[in-house]
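Subject: Handover of a structure and notes on it

Dear colleague,

Please find below the structure that I am passing on to you. My notes follow it, and I would ask you to read them with the structure open.

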Amino acid sequence: MVETSLQQHINQQLFEKLELAYFCVDQSMQIIDASENLENYGYTGVVVGANADDCVDFMFGLDAYTELDLPMVESPSGKKVSVSLLPRDSFLTVLISSASAEADQRQLLQQKANENELLVEQQIKLMKQLENASEMLEQKNVQLEEASRLQTSFLSGVSHEFRTPLTSIIGYTNLVKQALQSAGDDGSESDKVQHIGAVQRSSKHLLSLVENLLDHGKLDSDEIIVRPKETDLAELFNDVELLLKPLSDGKHIDFIVELGFEQPMIVVTDDSRLRQCLINLLGNAIKFTDSGSVRLTAKLSDDFLKVGVFDTGPGISQENLAKIKLPFWQAADTGKAGTGLGLTITERIVELMGGELEISSELGCGTQVSFEIPAPQLDAEPKPVESQMLPFKQAKILLAEDDYDIADLIVMMLSERGYEVSHVDNGELALNALENQEFDFVLMDIHMPIMTGYDVLRELQVKGIKTPVAIMSASAVESDRAKAEQLGCFDYLIKPVEIDDVIRIMNLAIDQRA
Amino acid sequence: MLKKKICMVGDFSVGKTSLTQKFVNNVFSEKYLTTIGVKIDTAFVNDTKLIVWDVAGRDSLSPINASYLVGASGIVLVCDGTRQSTVLDIKDIWQVVKKRIGEVPAVVALNKSDLEDWHIDAQQTAYFEEQGWQTFETSAKDGQNVKALFEALVSEIG
């Protein structure tokens, strides 16, 4: 009796502690017993005789024979409960206990774990998107590089093609001008000389534009080379003044040149690159100045040449100052023609010469451009470079050139000076001629039919023919020059060639051979 | 009146509770609250009373508790159209279902169709077609195809 009472007490304590509730159903799922505390979980109407399917939601679909645990079922009260179905011989006991504490704890952990996993998934997805975007960018970059390479190649090709006809134009107008000048200076001939002079200036201007285009092609490939040599600075600045004066005169603006040295002033610098920079900077200044003046200053100090170009043009806004060194950039509102390459190339050349291009400007106050480059001074007298001073040396020359206009021009100019010139129009004929006849000097183009100039140089090396060969090419690409020099050419001239340069080189070659 | 037990199953955070709540109470919440255990709701499709068991989602640590499936007449397989893995996981989940209660009628909800990065291609859903399941692009947010999904399942159950 005592034991039964104790057992009942224990059971009571246990039921209360676990918040246990229960009901029993028979095999037809009819409720045959139920604890009173079922209502604590929101299970109402669970009374003897009722059908469990109707009054307890989780009972629908279950049977009285299967043992089953249903953890953490949300009860109608909102509390989580654990449900255990315990079948006996003829009935099923359903125990319901509180699982709130466990569910709350689990909720916290699971929520955090799931959120973390979602974050990781999101990160992976974002990484993948980033990778895809990066791949796309890389592809775009490759495409852009290819487009840039094609553009460069196109520009180089075009400028190369332009050089050959320009050689003819400049050469022949020179001949016509000389003929007109020697015919006498009556009024009509003077007009013609002026007209021809205008054609020559335009041609040279066109040539400088072409050179800029070609140089732009080299900017990315580091092919612009500076070749310092003995140069008379005073003569170079005078040449530039003579070249650009007609442009300033045409616009009725003053062109002032202030040199801090006198002729001769021999320094070591790349005269053609320095000339190119000056033409670019002064050409810009004159182009953009409609009234007032353009002033060029140059002085030597401690083996450094300091150059300044000052104009009274419209000036440049701070916004545009940041852009003017970009290739092809031109202010939209100036209405001035040009390639937009001059400043880009000048900046690069000045850098290669060891200086830095500085630009300062303000809208309405003009523009100042300056640079300072090393120019070590030499004491020696300048070498005689005028054509009339070049000594004549009897020589038999072979000219290999497939462009007949240029070939005729060179033959004419050399013949006028008393040289004996044979012309062939392809590399194979040039090789045959050199194998069968004696020549003192060869002037040869690179790009010729049947055999190129390179092929001829190679064959001459193989056959041991030592006749000095000067290459005359429209290609100013450094690698072409290097290739020709590697194949043993005596010198490499870029079209349009000056006939005096040809004679000087020939004399040098003949002297060395002797 | 007919009464049927159906179960919502799928990976965690695919929108089982959202679909159920949209269907049962026509409510939607953006807030993600993971389901612990199971929540039981009732709703009607025509004259059929559905006892809807919204079962806690499967995650990497805990599989679906197959006890909840006992007595179910149909299954709604839910996956998230923005998470490819949840679509592929349906195959495994179906094995659990089949093992416990056999091949009951099922429909598929490709949920979260309202989201921008929703991306499902035919290759991923080929398995659903093989099984002959009706597949619905659903959105618990705007209610797209939610009703149709449950109606289709009731119709499949017969």
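Two strands pair if DSSP finds at least two bridges between them. Helices (H or I, at least four residues) and strands (E, at least two) are themselves DSSP runs, numbered from the N terminus. This is a predicted model, in which local features need pLDDT of at least 70 and side-chain atom pairs count only at pLDDT 80 or more, while totals for chains, interfaces and linings use all residues. Residues are numbered from 1 along each chain as its sequence is written, chains are lettered from A and ligands numbered from 1 in the order in which they are written, and side-chain values use heavy atoms, with hydrogens and water left out.

Chain A

The secondary structure of chain A amounts to 13 helices and 17 strands. Of its 514 residues, 41% count as buried (buried means under 20% relative accessible area, exposed over 50%, and partly exposed in between, with a 1.4 Å probe and protein chains only). Contact here means heavy atoms within 4.5 Å. Among contacts in chain A between residues at least 6 apart in sequence, 65% join residues at least 24 apart.

One open sheet of chain A has 5 strands in the order E7-E9-E10-E12-E11, with mixed pairing. Strands E7 (254-259) and E11 (358-361) stand at its edges with a single partner strand each, so one side of each has no neighbour in the sheet. From one strand to the next, the twist averages 10°. E7(A) and strand E9 (residues 293-301) of chain A run parallel and are joined by 6 bridges; Asp254(A) stands opposite Ser293(A) in E9(A). Helix H5 (residues 233-250) of chain A lies across E7, E9 and strand E10 (304-311), and runs at about 175° to E7(A). For such angles, axes are lines fitted to C-alpha atoms, for helices over the stretch in contact, and angles run from 0 to 180 degrees between N-to-C directions.

Strand E4 of chain B

In chain B, strand E4 (residues 74-80) is mostly covered, with 7 of its 7 residues buried. In a regular strand the side chains alternate between the two faces of the sheet. Both faces of E4(B) are covered: Gly74(B), Val76(B), Val78(B) and Asp80(B) are buried on one side, and Ile75(B), Leu77(B) and Cys79(B) on the other. E4(B) runs parallel to E1(B), to which 5 bridges join it, and pairs in the parallel sense with strand E5 (residues 106-111) of chain B over 6 bridges. Val76(B) stands opposite Met8(B), and its bridge partner in E5(B) is Val107(B).

The interface

Where do the two chains meet? In all, 28 residues of chain B are in contact with 26 residues of chain A. The two chains bury about 2400 Å² between them, 56% of it on carbon and sulfur atoms (buried area is the accessible area, with a 1.4 Å probe, that two parts lose on being put together, summed over both). In chain B, Lys3(B), Phe12(B) and Ile36(B) lose the most area to chain A, together 25% of what that side buries. The elements giving two or more residues to the side of chain B that touches chain A are E1, strand E2 (38-45) and strand E3 (48-55) of chain B.

Salt bridges

Side chains of opposite charge can pair when their charged atoms come close. A salt bridge is a side-chain nitrogen of Lys or Arg within 4 Å of a carboxyl oxygen of Asp or Glu. The structure holds 24 salt bridges over all chains, and the count between chain B and chain A is 4.

Asp54(A) forms a salt bridge with Lys3(B), the closest N and O atoms being 3.6 Å apart. This pair joins two chains, because Asp54(A) lies in helix H2 (residues 52-55) of chain A and Lys3(B) in strand E1 (residues 2-10) of chain B. Asp54(A) is exposed at 61% relative accessibility, whereas Lys3(B) is buried at 16%. Glu74(A), Lys80(A), Lys39(B) and Asp41(B) are linked in a network of salt bridges.

Within chain A, Arg348(A) and Glu351(A) meet in a salt bridge at 3.3 Å, N to O. They are 3 residues apart in helix H8 (residues 342-352), and so are separated by about one helical turn. Arg348(A) is partly exposed at 23%, as is Glu351(A) at 42%.

Yours sincerely
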